[in-house]
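Dear colleague,

Here is the structure I promised to pass on to you, together with some notes on what turned up in it. Please read the notes with the coordinates open beside them.

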Amino acid sequence: MTTPPFDDRDGSIWLDGAFVPWRDAKLHVLSHGLHYGGGVFEGERVYGGRVFKLTEHSRRLHTSARELGFRLPFAVSELDDASREVVRRQGIADGYVRPVAWRGSEQLGVSSAGTSVHVAIAAWEWPHVFSADARLRGIRLSTSRWRRPSPDTAPVHAKASSLYNICTLARDAAVAAGHDDALLLDHRGHLAEATGANLFLAIGGALHTPIPDVVLNGITRQTVINLARELGIAVYERHIRPEELSRADEVFLTGTAYEVQPVVAVDEHAYKVGKLASALSEAYGRLVRGPAPRR
Ligand SMILES: Cc1ncc(COP(=O)(O)O)c(C=O)c1O
């Protein structure tokens, strides 16, 4: 069965404060956000009908918009309520929520002065990024030629659509070369992140993860750091050079969509799905889904 395209589905989408039929949730082709990259978005996971860390995501949508110089016309609590209602109406038990905000079509020049701001929220059943097999055996990464830019080149702390150009180029090249995802370095040559997830290395029983100074400080990243510390695992946030990949015992990624995803290869380096990734994957699963049923 093929998955229907995203503009041709049943149900409704929340658009600027009201529900509209899914197929009618449109924007004009001359929207400023489309031409000049004025868009921000979120990715949220639904577990058992509830959005995990919903308010953190709604807040980040606000912060991202501010980083791009615009204000959302809905409060965080209004976005929370709308997201819950979207999930309820679509009858989503295990799925994904996509809030997005963009500049409208009042003018079409580089300046954004006078443009309105629009917000939409949609949800669908979408449990995983990678196949069940890839999730279990671990995924394979290759280092991209694309890098995360410096904070004086791009609004690196925003979850901005324009920054995903880099991720899409990197991801498409990695997949075309037979890998599952790409690993990006930052502008200084430090390890940065994957195309939709943060990076962790396990070295000698401790975790090491890049300082989020030019990468997204993922909500899952922060959750996993807390879980690790609760489990007594030391976590070091620091700049990490690519050469250190050769002394890592384990590598894994974290993200709303990836959850805790073990990595079995980065370029020529091979890894096993190890104890720390497994323990954190289990702990994360318990946190988001509740305890596993007893057999
Ligand atoms: C580039 C990038 N880095 C990291 C993450 C992880 O962030 P989070 O855990 O908040 O989903 C994401 C996903 O949103 C991402 O797109």
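A salt bridge is taken here to be a side-chain nitrogen of Lys or Arg within 4 Å of a carboxyl oxygen of Asp or Glu. By that rule the side chains of R23 and D8 form a salt bridge, with 2.6 Å from N to O. Because R23 sits in the loop between β2 (18-21) and α1 (32-36), while D8 belongs to the segment before β1 (12-15), the pair ties together parts that are 15 residues apart in sequence. The whole structure holds 19 salt bridges according to the search. Please bear in mind throughout that this is a predicted model.

Turning to the overall layout, the chain is divided into domain 1, which covers 12-124, and domain 2, which covers 132-289. The centres of the two domains, taken over C-alpha atoms, are 26 Å apart. Where they meet, 17 residues of domain 1 are in contact with 20 residues of domain 2, and the area buried between domain 1 and domain 2 comes to about 1,600 Å², with 63% of that area given by carbon and sulfur atoms. On the side of domain 1, F41, Y47 and R60 supply 36% of the area that this domain buries against domain 2, which is more than any other three residues supply.

How many salt bridges does the rule find across the interface of domain 1 and domain 2? The rule finds 1 there, and R45 forms a salt bridge with E259 in which the closest N and O atoms are 3.7 Å apart. Between the two domains there are also 4 residue pairs in polar contact, counted where both residues are at pLDDT 80 or more.

As for the elements involved, β3 (39-41), β4 (44-47) and α2 (54-67) each supply at least two residues of the side of domain 1 that touches domain 2, and the largest share, 5 residues, comes from α2. Sorted by class, that side of domain 1 has 5 nonpolar, 5 polar and 7 charged residues.

Finally, the ligand has 14 residues around it, of which K159, Y164, E193, T220 and T256 come nearest. An N or O atom in the side chain of Y164 is 2.3 Å from an oxygen atom of the ligand, and a polar side-chain atom of T220 lies 2.6 Å from a ligand oxygen atom. I219, by contrast, is placed through its backbone, with an N or O atom there lying 2.8 Å from an oxygen atom of the ligand.

With best regards

Definitions and conventions:
Residues are numbered from 1 along each chain as its sequence is written. This is a predicted model: local features need pLDDT of at least 70, side-chain atom pairs count only at pLDDT 80 or more; totals for chains, interfaces and linings use all residues. Side-chain values use heavy atoms; hydrogens and water are left out. Domain bounds come from an automatic or database domain assignment. Contact means heavy atoms within 4.5 Å. Buried area is the accessible area (1.4 Å probe) that two parts lose on being put together, summed over both. A polar contact is a pair of N or O atoms within 3.5 Å; within protein, one must be able to donate a hydrogen and the other to accept it, and residues adjacent in sequence count only if both atoms are side-chain atoms. Helices (H or I, at least four residues) and strands (E, at least two) are DSSP runs, numbered from the N terminus. Ala, Val, Leu, Ile, Met, Phe, Trp, Tyr, Cys and Pro count as nonpolar, Asp, Glu, Lys and Arg as charged, and the others, Gly among them, as polar. A residue is near a molecule or strand if one of its heavy atoms lies within 4 Å of it.
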